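Subject: Structure for your review

Dear colleague,

I am handing over the structure we spoke of, with the sequence alongside. Please open it first and then read the notes that follow it.

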Amino acid sequence: MGATVVTTPCKVNLYLGVHAEKDERGYHRVDSVMVPVALCDTVSVSDAPELSVSFDPPLSIPAEKTGVWRAAALLAEALGVEPRVRIDVCARIPERAGLGGSSADAGATLRALATRWGVSPLDPRVIAVARRVGADVPFFLDPRPALFSGAGDVRARSFPAVEMPLVLVMPRAEGGSTVEAYAEFDRSGERPVAPEPLCAALASGSVAAMAARLHNNLAPAARALCPEAGVVESWLRAQPGVLGAQVSGSGTCSFAICDGVGTADELARRAEEYGWRAWSTKTVGFAGGIC
């Protein structure tokens, strides 16, 4: 069999509501509305004598400690097969950004391996492995706009395709990890607003309504760990043509919904003048149209 190649988007959280209560695993209750964004990694899987994983550019941690390795090992165990595959990841999604880069790679790995090993990516065994690897990983098995509940790992509702111009902006400073962001939330976090207004806006396809109802109650923790992320977020909100902006996930990347592609292009150019990393991109609403 030739190589199986999966191109995976990143995500932004239009809504992220973290609750103080935790489940039996110690995970916070989380409601999360994610949409896929056309900034992508590529995962290629080919036959090999034994499991191996490589990243381009290389990571600072051993491959065996990555979500990609864990996803492959756990799925092989769940399906009763030997993981005799080589997995190559071409990474463009920035890490520690709140864009789901490592989860996207793990999800793409599960999709590719499920195809090679003769099961659906939405087979309950694959979904169970995805939930074990990380809360966002199930989203990347079927990257369409969706509301997730539980610990943010159970698909509760999917939404129609939506396409809107975005600019993504990363500060120069590095932020904290997701674990650190949740620890900060435990010290000072507030209850979230209800997700229903944002879900109604997404279901209607109204970009203006979505922009007006953005919410992320984990953002204060992300800003505490990386104050420059708050500077970026405030700068985006003040720019002409921005309909709404916020930090995505646990940070540090902020995104802005723009009134057109030209606005997104111009904001990306201007952000880079500040020394920030920036991408003019868009949301996409169905797997076949991603990247």
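In helix α8, the residues E228, A229, G230, V232, E233, W235 and L236 are buried, and these buried residues pack against β7, α7 (219-225), β9, β10 and α9. Please keep in mind throughout that this is a predicted model.

The strands named there belong to an open sheet of 4 strands, which has the order β9-β10-β7-β11 and antiparallel pairing. β9 (242-247) and β11 (277-282) stand at its edges with a single partner strand each, so one side of each is left without a neighbour in the sheet. From one strand to the next, the twist averages 20 degrees. The antiparallel pairing of β9 with β10 (residues 254-258) runs over 5 bridges, and V247 has S254 of β10 as its bridge partner. Helix α8 (residues 227-237) packs on this sheet, where it touches β7 (165-170), β9 and β10, and its direction makes about 170 degrees with that of β9. Helix α9 (residues 261-273) packs on the sheet as well, touching β7, β9, β10 and β11, with its direction at about 170 degrees to that of β11.

If its neighbours within four places in sequence are left aside, M210 is in contact with L14, V162, M164, L198, A201, L202 and G205. As general background, nonpolar side chains tend to be buried together in soluble globular proteins.

A helix pair also deserves a look: the axes of α1 (residues 67-79) and α3 (residues 124-133) come within 9 Å and cross at roughly 145 degrees, and the crossing is right-handed. On the α1 side the contact is made by G67, R70, A71, L74, L75, A78 and L79, and on the α3 side by R125, V126, V129, R132 and V133; these residues divide into 8 nonpolar, 1 polar and 3 charged.

Which residues does S103 touch, not counting those up to four places away in sequence? They are D136, V137 and F140. S103 itself lies in helix α2 (residues 101-116), and it counts as buried because its relative accessibility is 14%, where the cut-off for buried is under 20%.

Most residues other than glycine have a negative phi, and most peptide bonds are trans. Against that background, the peptide bond from D56 to P57 is cis, with omega near 0 degrees, and P57 is found in the loop between β3 (52-56) and α1. The peptide bond from G251 to T252 is cis too, with omega near 15 degrees, and T252 lies in the loop between β9 and β10. R96, although not a glycine, has a positive phi of about 50 degrees; its place is in the loop between β4 (85-90) and α2, and at 45% relative accessibility R96 counts as partly exposed.

Terms used. Residues numbered from 1 in each chain as written. Predicted model: local features only at pLDDT ≥ 70, side-chain atom pairs only at ≥ 80, totals over all residues. Heavy atoms only, no water. Helix = DSSP H or I, 4+ residues; strand = E, 2+ residues; numbered from the N terminus. Buried < 20%, exposed > 50% of the residue type's maximum accessible area, 1.4 Å probe, protein only. Contact = heavy atoms within 4.5 Å. Pairing = 2+ DSSP bridges. Axes fitted to C-alpha atoms, helices over the stretch in contact; angles between N-to-C directions. Left-handed = near helix turned anticlockwise from the far one by under 90°. Nonpolar A, V, L, I, M, F, W, Y, C, P; charged D, E, K, R; others polar.
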